[in-house]
Amino acid sequence: MVTDAAGVDEVTAAARQAGTCTLDTEFLWEKTYAPQLCLVQVCVGDEIWLIDPLAGAPLEPLGELIADPAVEKLMHAPSADLIAFGLHFGTLPANVFDTQIAAGFVGLSASASLDRLLEAVLKVRLDHNETFSDWSRRPLKETQMLYGAYDVRY
């Protein structure tokens, strides 16, 4: 769990060194005009970070990472994630690989959820019981943290 600037710097440095990362966010949008980022998950290699902006982790460096063309960002159906970074930080994304669109190009459903694709392709079944969680409530439950981690692990 990352709750400060030093931790965010560690995450972005690892992604830049690797040249690639997986990235996802959890947010609230139901009661706001723009998505409120509540959690950002990043995976580089086997390392997973859960970045908590509500606990003080700054997200501007992650906006810069999303805009960095030297780092490939693997994301699943990232339009809302990218809208959030664009609205909050003026981020213009670069080098984003959308696994949902890629699924369509290889003959799978271009509208499949991540858990459906993982089950079809990797035979991995996720417990996605936190899809409609209130991600703004703290402390996060262990099931929420696992849900967030699994979204970037695979």
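Predicted model: local features only at pLDDT ≥ 70, side-chain atom pairs only at ≥ 80, totals over all residues.
Which strands and which helix do the buried residues of H1 pack against?

**View 1. Helix H1 and its packing partners.** The buried residues of H1 pack against strand E1 (20-28), strand E2 (36-44), strand E3 (47-51) and helix H2 (60-67). Helix H1 covers residues 5-18, which makes 14 residues.

View 2. Gly-7, Val-8, Val-11, Thr-12 and Ala-15 are the buried residues of H1. Looking down the axis of H1, these buried residues fall within an arc of 130°, so they line one face of the helix. The spacing has a simple basis: an α-helix has 3.6 residues a turn, so residues three or four places apart point the same way. On the face of H1 turned away from the buried side are the exposed residues Ala-6 and Gln-17. Gly-19 follows H1 and has a positive phi, near 80°.

**View 3. The five-stranded sheet.** Five strands form an open sheet, in the order E3-E2-E1-E4-E5, with mixed pairing. At the edges are E3 and strand E5 (96-98), each of which pairs on one side only. On average, neighbouring strands of this sheet are turned by 25° against each other, direction ignored. In general, strands of a sheet pair through backbone hydrogen bonds, either parallel or antiparallel.

**View 4. Strand E2 and its two neighbours.** Strand E2 is mostly covered, with eight of its nine residues buried. E1 and E2 run antiparallel and are joined by seven bridges. Asp-24 has Gln-41 of E2 as its bridge partner. E2 also pairs with E3, in the antiparallel sense, over five bridges. Here the bridge partner of Val-42 is Trp-49 in E3. E2 and E3 form a hairpin with two residues between them, and Gly-45 in the turn has a positive phi of about 60°.

**View 5. The parallel pair E4 and E5.** Strand E4 (residues 72-75) and E5 run parallel, joined by three bridges. Met-75 has Asp-98 of E5 as its bridge partner.

**View 6. Helix H6 across the sheet strands.** Helix H6 (residues 142-153) lies across E1, E2 and E3. The helix runs at about 145° to E1.

Conventions
Residues numbered from 1 in each chain as written. Heavy atoms only, no water. Helix = DSSP H or I, 4+ residues; strand = E, 2+ residues; numbered from the N terminus. Expected span 1.5 Å × (residues − 1). Buried < 20%, exposed > 50% of the residue type's maximum accessible area, 1.4 Å probe, protein only. Arc of directions from axis to C-beta. Contact = heavy atoms within 4.5 Å. Pairing = 2+ DSSP bridges. Axes fitted to C-alpha atoms, helices over the stretch in contact; angles between N-to-C directions.
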